[in-house]
Amino acid sequence: MARGKMAKNERLEERLLGAHMSISGGVEKAPLHAKSVGCKAMQIFTKSSNQWKGKKLEGESIDAYLENLNAAGIKNAHTTSHDSYLINLGSPDDALREKSLAAFVDEIERAGALKIPYLTFHPGSHVGSGEEEGLNRVAECMNIALEKTQKHDNVTLLIETTAGQGNYLGYKFEHMEYIIGRMKDKKRVGVCFDTCHVLAAGYEIRTEEGYKRTFKEFDKIVGLEKLKIFHLNDSKYDIGSRKDRHEHIGKGFLGKKPFGFLLNDGRFKKIPMVLETPKGKDMAEDKMNLNTLRKLIK
């Protein structure tokens with residue numbers, strides 16, 4: 001094999017690419033799905049994303065999940081769970097916020113039981129009450145949740161960058177800084193960087209200059225050391241749209257260039273990058289998108 005081809009194969013092996021996997025049939029099935037499409041990283045829901053409570057994770061299911069993860073060649077360190085879409089830690093409604101907090105604590109405990117090191121979540125909506133008030137509520141809930149889950153201190157909370165649709169928080173890097181600055185245990189808090197959301201929020205990452213500027217800004221405001229996971233998604237809408245609609249890699253307003261920047265950026269070589277692109281029944285779309293990404297690695 002030619003030296004150039006060998007070197008590229010080594011770089012392909014180094015990249016921690018993966019996708020969000022279904023837990024249909026049980027969480028233990030997810031690693032097997034991931035293996036079938038060649039994932040080296042994985043994201044899952046630990047229960048239905050549209051339910052407040054999920055079926056208790058039994059020991060047999062947990063053991064099978066960990067065995068299958070090992071068989072799939074995916075390290076625990078390269079996995080993340082995503083919380084329920086119903087949770088809103090920024091809500092001004094006390095009853096809804098308390099319900100969200102209880103569900104959030106449960107999400108942390110479920111991730112901990114599966115030895116998943118990260119729980120990725122949207123900071124939520126302030127529902128018209130104002131960004132600062134909403135951010136304060138999110139920070140307060142996170143502090144309470146971390147205090148209640150000290151036995152699962154292996155789980156780090158990842159605040160996901162959002163598109164800023166409606167009254168959603170998290171569309172500015174300053175929002176991340178504000179929340180993290182109010183954490184009592186900053187070691188258990190990080191950030192998930194979603195490419196679609198960042199573009200929709202108004203950050204230009206499609207040009208080399210814009211890409212460099214955006215990550216320089218992120219580093220200055222939040223710190224690159226807090227960036228733990230990437231969500232690789234193209235966007236159905238253009239920059240500044242504030243709309244959260246994912247598209248296949250290279251088929252949306254991001255195009256392929258920014259993904260090439262990310263995949264060839266040495267700073268992010270050891271950071272898991274997972275797809276949340278549209279899916280079909282047989283995961284052919286995941287294979288297609290992962291193949292598109294691999295071709296961008298130089």
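Mentor: Let's start with Arg206, which sits in the loop between α7 (195-201) and α8 (208-221). Keep in mind that this is a predicted model. Follow the side chain of Arg206 and you'll find a polar contact with the side chain of Asp238, at 2.9 Å. A polar atom of that Arg206 side chain also lies 3.1 Å from the backbone oxygen of Phe253. If you skip the neighbours within four places in sequence, the residues in contact with Arg206 are Leu199, Asp238, Ile239, Phe253, Leu254, Lys257, Pro258 and Phe261.

Now step from the loop to the sheet. Eight strands form a closed barrel with parallel pairing, in the order β1-β2-β3-β4-β5-β6-β7-β10. On average, neighbouring strands here are turned by 30° against each other, direction ignored. Zoom in on one pair: β4 (residues 118-121) and β5 (residues 156-160) run parallel and are joined by four bridges. Tyr118, for instance, has Thr156 as its bridge partner in β5.

What lies against these strands? Helix α4 lies across β3 (79-82), β4 and β5, and runs at about 145° to β4.

The axes of α4 (residues 94-113) and α5 (residues 131-148) come within 10 Å and cross at roughly 45°, which makes α4 oblique to α5. The crossing is right-handed. On the α4 side, the contact is made by Arg97, Leu101, Phe104, Val105 and Ile108, while α5 brings Arg137, Cys141, Met142, Ile144, Ala145 and Lys148. Sorted by class, that contact of α4 with α5 has eight nonpolar residues, three charged ones and no polar ones.

Move along to α5 and α6 (residues 173-181): these two pack at an angle of about 45°, with their axes 9 Å apart. They are therefore oblique to each other, and their crossing is right-handed. Here α5 uses Glu131, Glu132, Leu135, Asn136, Val138, Ala139 and Met142, and α6 answers with His175, Tyr178 and Ile179. By class, the contact of α5 with α6 counts six nonpolar, two polar and two charged residues. Look out for Met142 as you turn the model: it is listed in the contact of α5 with α4 and again in the contact of α5 with α6.

Note on methods:
Residues are numbered from 1 along each chain as its sequence is written. This is a predicted model: local features need pLDDT of at least 70, side-chain atom pairs count only at pLDDT 80 or more; totals for chains, interfaces and linings use all residues. Side-chain values use heavy atoms; hydrogens and water are left out. Axes are lines fitted to C-alpha atoms, for helices over the stretch in contact, and angles run from 0 to 180 degrees between N-to-C directions. Angles under 35 degrees count as roughly parallel, over 145 as roughly antiparallel, 65 to 115 as roughly perpendicular and the rest as oblique. A crossing is left-handed if the near helix is turned anticlockwise from the far one by less than a right angle, and right-handed if clockwise. Contact means heavy atoms within 4.5 Å. Ala, Val, Leu, Ile, Met, Phe, Trp, Tyr, Cys and Pro count as nonpolar, Asp, Glu, Lys and Arg as charged, and the others, Gly among them, as polar. A polar contact is a pair of N or O atoms within 3.5 Å; within protein, one must be able to donate a hydrogen and the other to accept it, and residues adjacent in sequence count only if both atoms are side-chain atoms. Two strands pair if DSSP finds at least two bridges between them.
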